[in-house]
Amino acid sequence: MMGDISNLLERSHRSTRDYTLVSPGSSSEDDGDDAVIFDGVSRTRPKRKCYTHCGVILIVLLFLLFLVYIPLFRNIQNRIVSIPGWSYNTSRDTADYVFPHLNTSLIEPNTFDMDNGVFLLIVVCSAAHNFYARQTIRETWGNTSEFNYPYFPRIHRNFQGKYLRANVTRWRDFFYEDVASQSSHVSVENATESEVVHPVRLKVIFLLGQTPSNETQSQIVAESDQFGDIVQESFLDSYNNLTLKSVMLLKWVTNNCLDRVRFIMKCDDDVFVNVPNLLHILLGGIVPVYNDTLSFYDLTNLMATRKKTAIVEPKRLLMGFLFCRAKPIADVTSKWYSPIYMYSGTTYPNYLSGTGYVMSADTLSILYNASLKTPLFHLEDVFVTGICAHQAGLKPRHSPLFTYTVVKNLCAIRGMITQHPLSPDDIKRAYDFVTNTTIRCPGPDVHFNTKKVLGRSKFCK
């Protein structure tokens, strides 16, 4: 019995000696596997835990790729649907529609100043049937003999000395010197010497397309005969043809008055334009910041007296509300839907809101030439101020004073340039409020909360 126990212990001891791990410095034919020596024979043991972990990680990665791929696939599929008037096979050569070497105007304005230069030409893109909207503009902010630069110091009287004044010396040739002949609304009888400014030569015209209605066309002809401020071009007036309307704008100015105009603004007929503020900006000044406009500013141009935000050299100027890294919309029910055959990129070039933007005369010429070499895209602001501007090396400039949204407080309109969208009645109320110089709108409190300031400078560069 004792012998059997001794033999068992000896065998156990011998087995323990023979079972040893290979030392770290030893070699093995199977790199990467755990090697053991059992009864003098080298064997390998697979890493089962590693294989399991790697399998789980691979499955997770495939799942994440699936989540990313499906939305992209759906986006591409949805963007295959065509849009009315611009199918896959429709020509997108700008020259096929604009005819750059021909006069395509059906109606042209007859009240344009042919003898003197125009500092600012505002072209309002209007639908053919929007008679009431056009008349409202003529009676309000488009009345250039009344709502002119002399209104600026009156509107901001309680901010006198707190904003950067314009340097008008270089623009004297664009001013009307006879202030007394202007409207009583801009009378300077009770104004201080520092408030006396001269009105600027500016012009407002309306750009229309063709209408299939003979009755509407007859009314447009009568309207043109009465006011002489209409340009009608030969293309069908529709939403998907807004790009053609904007390119026609570039063409008409280029062919008719480019050498006599310094700045051009494009806007829609549902926009209120604070003309005195716009003129002050273009003349090199800075509009004061109101408490109700504070949230529209970014950190780079908050202070009203900061000279670096002023327009010092107005060359290659293209300014408005800037959209950055916007993506094409795949929802076919959206008015901004973009088929992939019209634009194949994942993001648009930075562009300005088409509700209202301003450019220098040299910029207009550059954009027009670029548009003739660029395939048409049905979203006019993306096409003109984004795609064409990018092709031409122009950099759109953001201004917090242009906005495409409606503000609730009328005091904000005092310190802005554009408001959109407004009905004709809303435009009248905005005009009445801005021109009521007895109303005082407060500026930011000295302890204002900086969190109210938008940090657009971090996202749009």
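**Stop 1: helix 7 and helix 9.** Select residues 242–256, which form helix 7, and residues 361–371, which form helix 9, in this predicted model. The two helices pack at an angle of about 125°, and their axes lie 9 Å apart.

Now show the side chains at the contact. From helix 7, pick V247, L249, L250, K251, V253 and T254; from helix 9, pick L364, L367, Y368 and S371. Colour them by type: seven residues of this contact are nonpolar, two are polar and one is charged.

**Stop 2: the largest pocket.** Keep helix 7 on screen, as it is one of the elements that give two or more residues to the lining of the largest pocket. The others are strand 8 (261–268), strand 11 (351–360) and helix 10 (380–392). Which element gives the largest share of the lining? Strand 11 does, with four residues.

The pocket has a volume of about 880 Å³. To find its centre, select Y239, L242, D268, K335 and W336, the closest to that point of the 38 residues in the lining. By type, the lining divides into 16 nonpolar, twelve polar and ten charged residues.

**Stop 3: helix 4 and helix 6.** Select residues 131–139 for helix 4 and residues 214–227 for helix 6. Here the axes come within 12 Å and cross at roughly 10°. Angles under 35 degrees count as roughly parallel, so helix 4 is roughly parallel to helix 6. This crossing is right-handed.

For the contact, show F131, R134, Q135 and R138 on helix 4, then T216, Q219, I220, E223 and F227 on helix 6. How do these residues divide by type? Three are nonpolar, three polar and three charged.

**Stop 4: two backbone details.** Go to F99, in the loop between helix 3 (95–98) and strand 4 (105–107). Look at the backbone of F99: phi is near 50°, a positive value in a residue other than glycine.

Last, move to P421, in the loop between strand 13 (418–419) and helix 12 (424–435). Select H420 along with P421 and look at the bond that joins them. Is that peptide bond cis or trans? The bond is cis, with omega about -5°.

How values were computed. Residues are numbered from 1 along each chain as its sequence is written. This is a predicted model: local features need pLDDT of at least 70, side-chain atom pairs count only at pLDDT 80 or more; totals for chains, interfaces and linings use all residues. Side-chain values use heavy atoms; hydrogens and water are left out. Axes are lines fitted to C-alpha atoms, for helices over the stretch in contact, and angles run from 0 to 180 degrees between N-to-C directions. Contact means heavy atoms within 4.5 Å. Ala, Val, Leu, Ile, Met, Phe, Trp, Tyr, Cys and Pro count as nonpolar, Asp, Glu, Lys and Arg as charged, and the others, Gly among them, as polar. On a 1 Å grid over the protein atoms alone, a cavity is a set of points where a 1.4 Å probe fits but cannot get out, and a pocket is an open set with protein on both sides within 12 Å along at least five of seven lines; lining residues have an atom within 4 Å of a point. Grid points are joined across faces, edges and corners, and a volume is the space filled by probe spheres set on the points. Angles under 35 degrees count as roughly parallel, over 145 as roughly antiparallel, 65 to 115 as roughly perpendicular and the rest as oblique. A crossing is left-handed if the near helix is turned anticlockwise from the far one by less than a right angle, and right-handed if clockwise.
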